[in-house]
Amino acid sequence: MSRTRAALLGCGRYPYAVSREDSSHHMRSAKDFFAPLAVGAPTPVTEVPARPSRMIHFFDPSNPKMAAKVPDMVGVSDVLLGNLEDAVVADKKEAAREGLVTIAKETDFGEHTQLWTRINSLDSPWVLDDLTRLVTEVGDTLDVIMVPKVQGPEDIHYIDRILAQLEAKGGVQRPILVHAILETARGMANVEEIAGASPRMQGISLGPADLAADRRMKTTRVGGGHPGYLVRQDPAKGADGAPDYQGERPVFQQDLWHYTIARMVDACAMHGIFPFYGPFGDIKDTVACEDQFRNAFLLGCVGAWSLHPVQIEIAKKVFSPSAEDVAHARRVKEAMPDGRGAVMIDGKMEDDASWKQCMVVLELAERLSANDPELAKMYEEA
Ligand SMILES: CC(=O)SCCNC(=O)CCNC(=O)[C@H](O)C(C)(C)COP(=O)(O)OP(=O)(O)OC[C@H]1O[C@@H](n2cnc3c(N)ncnc32)[C@H](O)[C@@H]1OP(=O)(O)O
Ligand SMILES: CC(=O)C(=O)O
Ligand SMILES: [Mg+2]
């Protein structure tokens, strides 16, 4: 805020008045950023563990049929998420919470499947009990808490502190991480600050349904493309040399989530956390689901949500690098073992930068195949 503007606003405390441009009031000092926020709480992580998270599979713990399927989905889905928020009706909120406590206590999630939850929104009547009950009862089993409708870093700071208090109370041994859903215009405007708000931040997902509503976008779809969002080829010239506006003109459908995903990916990469595409609501359209997931994968997302068992396989396929890309990356590594210089492979230039691109693919392939013998075999034979 300028001195003049501060004076006009009657803000006599300048230069101590905090302006929007000065975001330092959101941050703890660098020195205490990694200190526990409550006596007895576990020490925050300095790096987010890169565990396979190609799909975050949603289930409703109050739905007995879905709950019964959870043990069989261990090892099938990288992440199983007990959803407490939207899609669970108000009179099932407590049943969902208690159902999740039981599932967390009774299920062996093994080494490769994580258990997450999506708590109710911070302004809801349920969230305090969601946090208190889950962290103190099953805090050591819960890997990540997904927080919906995050508006800014202040929401993450609130969660950060209360989690530390509850971890201390429940004797939780390692910090529970936090995942924000990007589903309001304000959250979008603050995405960089949200991503860096706490060492607990594990990642961010795009929430296309709530975000569309909040932005007053005019799509009623849950994620995916829209046939109305397109670019049309120029008209051809008619016999008289003038544009023929009535003639056939190909149209190219565009991705109306492109800007949002790209910005979210940058915010996450900048802060060393993981970006995810959210839900794809047209369960029967497995082809378009795969396309949307792949767009997200190519732009840098590590995974997407799965709302129905059929989407788990789609995510597994899309968010694991292809055998072809792994084979190419290996050839580049062999040609440039130390990643320096410039070479030609199949008529294409490879150099330090493209070597790094290849390393991204190889590292991901290695990490994923460590947990998945089928994938390991596919990469071995590539
Ligand atoms: C915008 C957002 O916030 S998105 C996130 C919130 N939404 C959700 O979490 C929705 C989760 N998914 C669902 O509720 C369901 O999949 C629905 C409502 C979309 C479709 O459910 P159904 O009509 O029952 O699907 P369908 O008949 O194909 O189900 C086949 C089987 O899979 C089971 N199933 C469906 N979805 C799931 C799931 N997410 N997890 C585990 N099992 C499931 C069904 O119970 C059914 O079991 P059965 O064969 O023993 O009867
Ligand atoms: C994912 C989600 O919660 C939404 O799209 O609103
Ligand atoms: Mg939502």
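The legends below describe close-up views of a predicted model. Residues are numbered from 1 along each chain as its sequence is written, while chains are lettered from A and ligands numbered from 1 in the order in which they are written. Because the model is predicted, local features need pLDDT of at least 70 and side-chain atom pairs count only at pLDDT 80 or more, whereas totals for chains, interfaces and linings use all residues; side-chain values use heavy atoms, with hydrogens and water left out.

**View 1. The residue shell around ligand 1.** The shell holds 14 residues, of which Phe58, Lys65, Lys69, Leu307 and His308 come nearest to ligand 1; a residue is near a molecule or strand if one of its heavy atoms lies within 4 Å of it. By class, the shell divides into seven nonpolar, three polar and four charged residues, where Ala, Val, Leu, Ile, Met, Phe, Trp, Tyr, Cys and Pro count as nonpolar, Asp, Glu, Lys and Arg as charged, and the others, Gly among them, as polar. Strand β1 (55-59) and helix α2 (64-73) each supply at least two residues of this shell, and α2 gives the most, with three. Helices (H or I, at least four residues) and strands (E, at least two) are DSSP runs, numbered from the N terminus.

**View 2. Side-chain contacts of ligand 1.** A nitrogen atom of ligand 1 is 2.8 Å from an N or O atom in the side chain of histidine 57. Oxygen atoms of the ligand lie 2.7 Å from an N or O atom in the side chain of lysine 69 and 3.1 Å from one in the side chain of arginine 118. The protein covers 61% of the 970 Å² of accessible area that ligand 1 has on its own, with areas taken from the Shrake-Rupley method with a 1.4 Å probe.

View 3. Five of the five residues of strand β3 (residues 114-118) are buried, so the strand is largely enclosed by the rest of the structure; buried means under 20% relative accessible area, exposed over 50%, and partly exposed in between (1.4 Å probe, protein chains only). In a regular strand the side chains alternate between the two faces of the sheet. In β3 both faces are covered, with Gln114, Trp116 and Arg118 on one side and Leu115 and Thr117 on the other. Strand β2 (residues 79-83) pairs with β3 in the parallel sense over five bridges, pairing being assigned if DSSP finds at least two bridges between two strands, and asparagine 83 stands opposite arginine 118.

**View 4. The magnesium ion (ligand 3).** The magnesium ion is coordinated by Glu183 (OE) and Asp210 (OD), at 2.0 to 2.2 Å. Glutamate 183 lies in the loop between β5 (177-182) and α6 (185-189) and aspartate 210 in helix α8 (residues 208-215), so the pair ties together parts that are 27 residues apart in sequence. Glutamate 183 is buried, at 4% relative accessibility, whereas aspartate 210, at 25%, counts as partly exposed. Donors are N, O and S atoms within 2.8 Å of the metal (3.2 Å for Na, K and Ca), and sites may look incomplete because water is not among the atoms.

**View 5. The surroundings of ligand 2.** Ligand 2 is surrounded by Arg118, Glu183, Gly207, Pro208, Ala209, Asp210, Pro279 and Trp305. Its oxygen atoms lie 3.4 Å from a polar backbone atom of glycine 207, 3.0 Å from one of proline 208 and 2.8 Å from one of aspartate 210. The protein covers 94% of the 210 Å² of accessible area that ligand 2 has on its own.

Note on methods. A polar contact is a pair of N or O atoms within 3.5 Å; within protein, one must be able to donate a hydrogen and the other to accept it, and residues adjacent in sequence count only if both atoms are side-chain atoms.
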